[in-house]
Amino acid sequence: MKIEKIERYPIVTLCGSSTQKTDWEHWQREFALKGNVVLAINIYLGLEKPDYNVEDETKNLLRDLHRQKISMADRVCFILKPNGSLGKHTNEELEYAKKLNKPVTYVHSISNECSSQRNSEKVKK
């Protein structure tokens, strides 16, 4: 059986608040359709758990898994909150990405349509 060689697509890891499920879904689609392998969160803990800021075994596991996704990435993209900020844990991920010398980009929440369109152009590979 002959194995076909496939093109290596860039890997983008998304980071942001787990309360912004619509934004995550939007940006995963945008990046994938531009030819990127997209690594993202798999559980929206911020929507599922009212006390999601409390440190526990599950939160620590998910943080470690996401940091591994950051280390695997060619580029890390941060989804800003509607007010243009990043939360505490997302800022920690930003510092981690910077320590690994990963290129970093930012996109806005899709609830901020003007900024979202401007930034979707900026993040094309």
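**Note on the predicted model: sheet, helices, confidence and pocket**

1. Strand β1, spanning residues 11-15, and strand β3, spanning residues 75-79, pair in the parallel sense, with 4 bridges between them. Within this pairing, V12 stands opposite R75 of β3. The coordinates under review are those of a predicted model.

2. Helix α4, residues 88-99, packs on the sheet and touches β1, β3 and β4. The direction of α4 makes about 160° with that of β3. Helix α3, residues 57-72, lies across β1, β2 and β3, and its course runs at about 145° to β1.

3. The pairing of β1 with β3 belongs to an open sheet of 4 strands, whose order is β2-β1-β3-β4 and whose pairing is parallel. At the edges stand β2 (37-39) and β4 (104-107), each of which pairs on one side only. On average, and with direction ignored, neighbouring strands of this sheet are turned by 30° against each other.

4. On confidence, the protein chain has a mean pLDDT of 84, and 82% of its residues reach 70 or more. Where in the chain is confidence lowest, and where is it highest? The lowest value belongs to helix α5 (residues 113-122), with a mean of 36, whereas the highest belongs to β2, at 98.

5. The stretch covering residues 113-125 calls for separate comment. Its pLDDT is below 50, yet in the model this stretch has 23 contacts beyond near neighbours in sequence. Those contacts should be read together with the pLDDT of below 50 over residues 113-125.

6. The largest pocket holds about 500 Å³ of space. Its lining comprises 24 residues, and those that lie nearest the centre of the pocket are G16, S18, K59, H89 and E93.

7. By residue class, the lining of the largest pocket divides into 7 nonpolar, 9 polar and 8 charged residues.

Methods: Residues are numbered from 1 along each chain as its sequence is written. This is a predicted model: local features need pLDDT of at least 70, side-chain atom pairs count only at pLDDT 80 or more; totals for chains, interfaces and linings use all residues. Side-chain values use heavy atoms; hydrogens and water are left out. Two strands pair if DSSP finds at least two bridges between them. Helices (H or I, at least four residues) and strands (E, at least two) are DSSP runs, numbered from the N terminus. Axes are lines fitted to C-alpha atoms, for helices over the stretch in contact, and angles run from 0 to 180 degrees between N-to-C directions. Contact means heavy atoms within 4.5 Å. pLDDT is the predictor's confidence in each residue, from 0 to 100. On a 1 Å grid over the protein atoms alone, a cavity is a set of points where a 1.4 Å probe fits but cannot get out, and a pocket is an open set with protein on both sides within 12 Å along at least five of seven lines; lining residues have an atom within 4 Å of a point. Grid points are joined across faces, edges and corners, and a volume is the space filled by probe spheres set on the points. Ala, Val, Leu, Ile, Met, Phe, Trp, Tyr, Cys and Pro count as nonpolar, Asp, Glu, Lys and Arg as charged, and the others, Gly among them, as polar.
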